[in-house]
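Colleague: I'd like to learn how to read a few features of a fold. Could you walk me through them with the model open?

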Amino acid sequence: MFGTRALVGRLVPQRLRVWRRLDRATPPAERLAATTRDGQNLALWRVRPSGTSRGAVFLLHGLSANRFAFHWPGRSIAEYLAGEGFDCYVGELRGAGESVANLPSWTFHDYLEQDVPALLERVREVSRQPRVHFVGHSMGGILAMCHGIVTGGAELLSATALGSALDYALGASGFGPLLRARRVLERMNQVPWGRAMHALSPFLARLGDPVAGFNFHPDNAEAALVRAVYSNAFTAIPTALLGSLATGLEQGGLKSRAGEPFQAKAGALKTPLLMIAASDDRQCPLEALEATAVATRAKVLRFGSRYGHRAEYGHFDLLLGRHAPDEVWPAVLQWLLDVKPG
């Protein structure tokens, strides 16, 4: 008789087992929900604090990502901050993770005007905190800044933007080809980025491939982790969303729905802001981040070998890199502890 493992091995093709070995489950968290004004149901994951709460922290992923950015099994900054006493809430924007969209398409402005207010309100309601910290990675950091600019950020104690900027025309961003591909993309409803990355995932992080390098520096991320992240952490991208974000590559930077550059209005941001830069970020150039920091009067922290750290940092390394728990996460924690309510 065949043993169970042998039988499964005969019934399940090797090709499928390669992908299944990369599957990851969400670490323990309480699943909540928030509803937007236009009827989208959004997932929100709570990681409760150890002991008395030091305040609520809302954590938000970037473009095409999901909850795994901040709550990865075995390397979760949400669990780290909760262990230090913060009540953590990991949001998922429409179309990401378990926030299943009931509309075929959306833009950056829908995130800003609908999703972020709904998620923040739910965090404030559940935590019973009138003001919360907002920590965003990549587009999540852009949304944190834009929310503060547009609304005044009265409900925010602080904002932290990791690998984010408002004007990507400064420096050489890996998103530059978006502008050249605009006409082609406009003929599609969405880019199946998540499915494509899942399909490629077993073959990534080998010989310094450019796909893995777009998010991770090879010296700061284990190959097995890179493959698992690409297999689990990305979703499809509506081309309308890409079109609205592409304005960030134009002169003046990211535009509002009315066509006004957010960076030109950055003086309206009153929320204390920390911006965190990676030395080898293929997506957010250092020049772009620093120009936004000047416009927003933000504090800037830079991570990489040239700044005295153990390795260079790529875009996703700021959250999931092998050295992030010892170098980046404590810096975020210290910022949250240092912010004094105004």
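Modeller: Gladly! Strands here are DSSP runs of E, at least two residues long, numbered from the N terminus, and two of them pair if DSSP finds at least two bridges between them. Keep in mind that this is a predicted model.

Colleague: How many bridges join β1 and β2, and in which sense do they pair?

Modeller: Six bridges, in the antiparallel sense, link β1 (residues 30-35) with β2 (residues 41-47). For a point of reference, find Ala-34, which stands opposite Leu-42 in β2. The two strands form a hairpin with five residues between them, and Gly-39 in the turn has a positive phi of about 90°.

Colleague: On to helices. Is Arg-227 buried or exposed?

Modeller: The cut-off for buried is under 20% relative accessible area. Arg-227 has 15%, so this residue counts as buried. Arg-227 is found in helix α10 (residues 223-232), and its contacts beyond four places in sequence include Leu-22, Ser-201 and Pro-202.

Colleague: Why is helix α11 described as largely enclosed?

Modeller: Because six of its eight residues, in the run 239-246, are buried. Among them are Leu-241, Ser-244 and Leu-245. Those three also touch Phe-108.

Colleague: And which residues have the most contacts inside the largest nonpolar core?

Modeller: Phe-108 and Leu-143, in a core of 52 residues. Phe-108 and Leu-143 touch each other as well. A second, separate core has 50 residues, including Leu-59, Tyr-230, Ile-276 and Tyr-313.

Note on methods. Residues are numbered from 1 along each chain as its sequence is written. This is a predicted model: local features need pLDDT of at least 70, side-chain atom pairs count only at pLDDT 80 or more; totals for chains, interfaces and linings use all residues. Side-chain values use heavy atoms; hydrogens and water are left out. Helices (H or I, at least four residues) and strands (E, at least two) are DSSP runs, numbered from the N terminus. Buried means under 20% relative accessible area, exposed over 50%, partly exposed in between (1.4 Å probe, protein chains only). Contact means heavy atoms within 4.5 Å. A nonpolar core is a set of buried Ala, Val, Leu, Ile, Met, Phe, Trp, Tyr and Cys residues joined through side-chain atoms within 4.5 Å.
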